[in-house]
Structures are given as structure tokens and as C-alpha cells.
Amino acid sequence: MKADMGVNMDLPHAAPHASGHKSGAGSEAFCFAHLSDPHLTSLQGVRCPDLLNKRLLGYLSWRWRRRREHRGEVLEALLADLDRHRPRLRLVTGDLTHVGLPREFMEAAAWLRRLGAPEEVLVIPGNHDSYVRAPWDRTYAHWRPYLDEVADGNGFPLLRRQDGVAFIGASSACPTPPFFATGRLGRAQLARLEGLLAETGRAGLVRVLLIHHPPLPGAIAWRKRLVDARALAALLRRTGVELILHGHTHRATCGELVTAAGPAPVLGVPSASALGHKPGRRAGYHLCRITAHGAARRLEVFVRGYDPVRRQFVALERRELALPGSFSAPAAAAAGQ
Ligand SMILES: [Fe+2]
Ligand SMILES: [Fe+2]
């Protein structure tokens, strides 16, 4: 049940500010931002030997199209907007680069430092970051402070527990043949993911799964799909999950995935840097707040979009969604909610 979330409705005072905001339920709420696909790097001056593989296609795409679409001034406006709202955690669901060159990883690392301190930022890779096979030490190692225990050799998924929420970051990024942008989690990662979801579920945490590729079948063209989406869906039916956040489509979308405890929202955001030359593709991001209502949990989503006339992000829409499951009082207390 995919639905567009691009409603033009300016709610200038709708977005939550900083931590400690009192929700409508009268409980403390924890606010986080979800952004994706900034494609923030430049390929200006790239050397020919760096392009003797699939990267040549990516470079041509950047020259013809992407460098006019993904703009630094939009990302500057995004950073200013985040400064205004000060979410305690900023989640980035991949595609920070264009063709995953080591110099792009360094450029992206500098941008991540501007986005926030490592304890305020969580990042997972997208297919553009793993464009071709490349050594970890020359690429993802530059993002080490933002990748938590993955950097210590445990591999994905990574886990960040904060304020009663378990943010679980999976990696669907893998090199693919030319003209393909598919993603894959793989058996080993799926097994670790099942263990993490079960463990954090038993601990009474609200589980938020981050993944670059949309997990819903038919959410994107076949050549860009998540190859093991069925295996992931079956796993999530077994373990449960409360919320799934993804990128890759460069569109704001809202769907749901069936779990034993009820439907879990599946939310996608547009590219964080897009000027929007194509309809429905203009830059946006989400500010989210999980609130406690007795044993139930709800998600407030404040959709922020780039306004090219005002050259700033503005409120577009506010949504409230039910999260599946019920949470016992002690768990809710532990959640600080
Ligand atoms: Fe992307
Ligand atoms: Fe992508």
C-alpha cells in the first residue's frame, strides 16, 4: 500500500524542537531525523584510471544529470533546518556518494562531521557507496566513528540503543553489474538481524530498522529492488519490528509491512539534496517523534521539504501513525517515555 506523502501544507510551527518536548500524551518524547541519498560529493577533476569499471557510467550520469540535481546549497539549507529543530539523532540511510571513490568517502566524512557528533548521527551505506568492490580501509573506514560496532569487525547490522528505541542499521549495499542498482542483505546478515530483533524485542525496546533499499515488493523498478525482500519480510513476520525507514527511491513514500503484532509503517524519504527537476523528487526529510500512549506507541512524522523560492526547508505535512505491539509499563519507564 504505497502512498505519496508530498502534500503541500505549510505548518510552520508543527515540527518538534529539541529533546524533552512534551507530547500530546503528556509524556517526554525523543525526536530523531531521517534523511537519505544526499549524493553530496563532486566528481570534478576525477582521474581516468579511477573510472575503468562501472564507475565510468556513474561518472557520465553525474556529468549529464546528477550534478545539476543534487545541490550543495540544498544541503546547506538542510543543515540550517536541522540546527533549528535539533533532533537528538540524525539517521542517514545511504547514498552519500556517487560512485564510492575513496576521495568521496573523505568528502562525505567531512559532511558527517558537520551533520553532528558520532553519538548524534547514525549512517548506513547505499548502493552508490558500494558502487564497485573497494577496500574497507580506503572507503568506509573514513566513516568509522558513525558506524558503531560495525567498525570493530562485527559487521552489519549495527545497533544503537537510545531512549527506549533500538535503531538497527542493515546494509543492503553491494556492488552490482552495470545498469543494476539492486540490494542484498545476504544470509549471514539476515541471521544476525533476526537475533538482534529478537533480543531488542525481549528488552521491550521500540525497534526501528534502517535499510537503504525499500523492503516492500514492487516499491521500485526490478533492476533496483532488494533481491532478498521476501526473506526479510518472512523474518520480520517472525520477529516483529515497529518501524522501517529507507531511502533509494528518492521519493517520500508511506507503506506498511505485516507483522504478527500488526502492520509496521514503512517510510521512505526523498533525496536530501535534490532540486526536484522531476515531479515528486524535490529534497525533503522527516522529523519523527515516538510517543507513549499507555502500552501503545505512536509515531509523529513531520515532513519537511525544500522550498526553492525561499531557499529553505519548510513544513509540508504532519502525520500520526500507530506502531504495532504493546509495551509493558516497566519497559515504557525504561524507555524514558
Ligand atoms: Fe540514491
Ligand atoms: Fe540508492
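This briefing describes the fold and some local features of one protein chain.

The model is predicted: local features need pLDDT of at least 70, side-chain atom pairs count only at pLDDT 80 or more, and totals for chains, interfaces and linings use all residues. Residues are numbered from 1 along each chain as its sequence is written, and chains are lettered from A and ligands numbered from 1 in the order in which they are written. The protein chain has six helices and 14 strands; these are DSSP runs numbered from the N terminus, with helices (H or I) of at least four residues and strands (E) of at least two.

**Whole chain**

- Of the 337 residues in the protein chain, 47% are buried. A residue is buried if 20 or more other C-beta atoms, placed from the backbone, lie within 10 Å of its own, exposed if 12 or fewer, and partly exposed in between.
- Among contacts with a separation of 6 or more, 72% join residues 24 or more positions apart. Two residues are in contact if their C-beta atoms, placed from the backbone, lie within 7 Å.

**Helices α4 and α5**

- Helix α4 covers residues 187-202 and helix α5 residues 229-239; they pack at an angle of about 20 degrees, with axes 10 Å apart. This angle makes α4 roughly parallel to α5 (under 35 degrees is roughly parallel, over 145 roughly antiparallel, 65 to 115 roughly perpendicular, and the rest oblique).
- Axes are lines fitted to C-alpha atoms, for helices over the stretch in contact, and angles run from 0 to 180 degrees between N-to-C directions.
- On the α4 side, Leu-190, Leu-193, Glu-194, Leu-197, Ala-198 and Gly-201 meet Ala-231, Leu-232, Leu-235 and Thr-239 of α5. The residues of this contact comprise seven nonpolar, two polar and one charged. Here Ala, Val, Leu, Ile, Met, Phe, Trp, Tyr, Cys and Pro count as nonpolar, Asp, Glu, Lys and Arg as charged, and the others, Gly among them, as polar.
- Gly-195 also lies in helix α4 and is exposed, with 12 other C-beta atoms within 10 Å. The C-alpha atoms of Gly-195 and Thr-239 are separated by 8.7 Å, although the two residues are 44 residues apart along the chain.

- Strand β9 (residues 243-246) pairs with strand β11 (residues 262-268) in the parallel sense over three bridges; two strands pair if DSSP finds at least two bridges between them. Ile-244 has Val-266 in β11 as its bridge partner.
- Strand β10 (residues 253-259) pairs with β11 in the antiparallel sense over seven bridges. Cys-254 stands opposite Leu-267 in β11.
- A hairpin of two residues joins β10 to β11.

**Backbone features in loops**

- The peptide bond from Phe-156 to Pro-157 is cis, with omega near 0 degrees. Pro-157 sits in the loop between β5 (121-124) and β6 (158-162).
- His-39 is a residue other than glycine with a positive phi, near 40 degrees. The loop between β3 (28-35) and α1 (55-69) holds His-39, which is buried, with 25 other C-beta atoms within 10 Å.
- Arg-86 also has a positive phi, about 50 degrees, although it is not a glycine. Arg-86 is in the loop between α2 (72-85) and β4 (89-93) and is partly exposed, with 14 other C-beta atoms within 10 Å.
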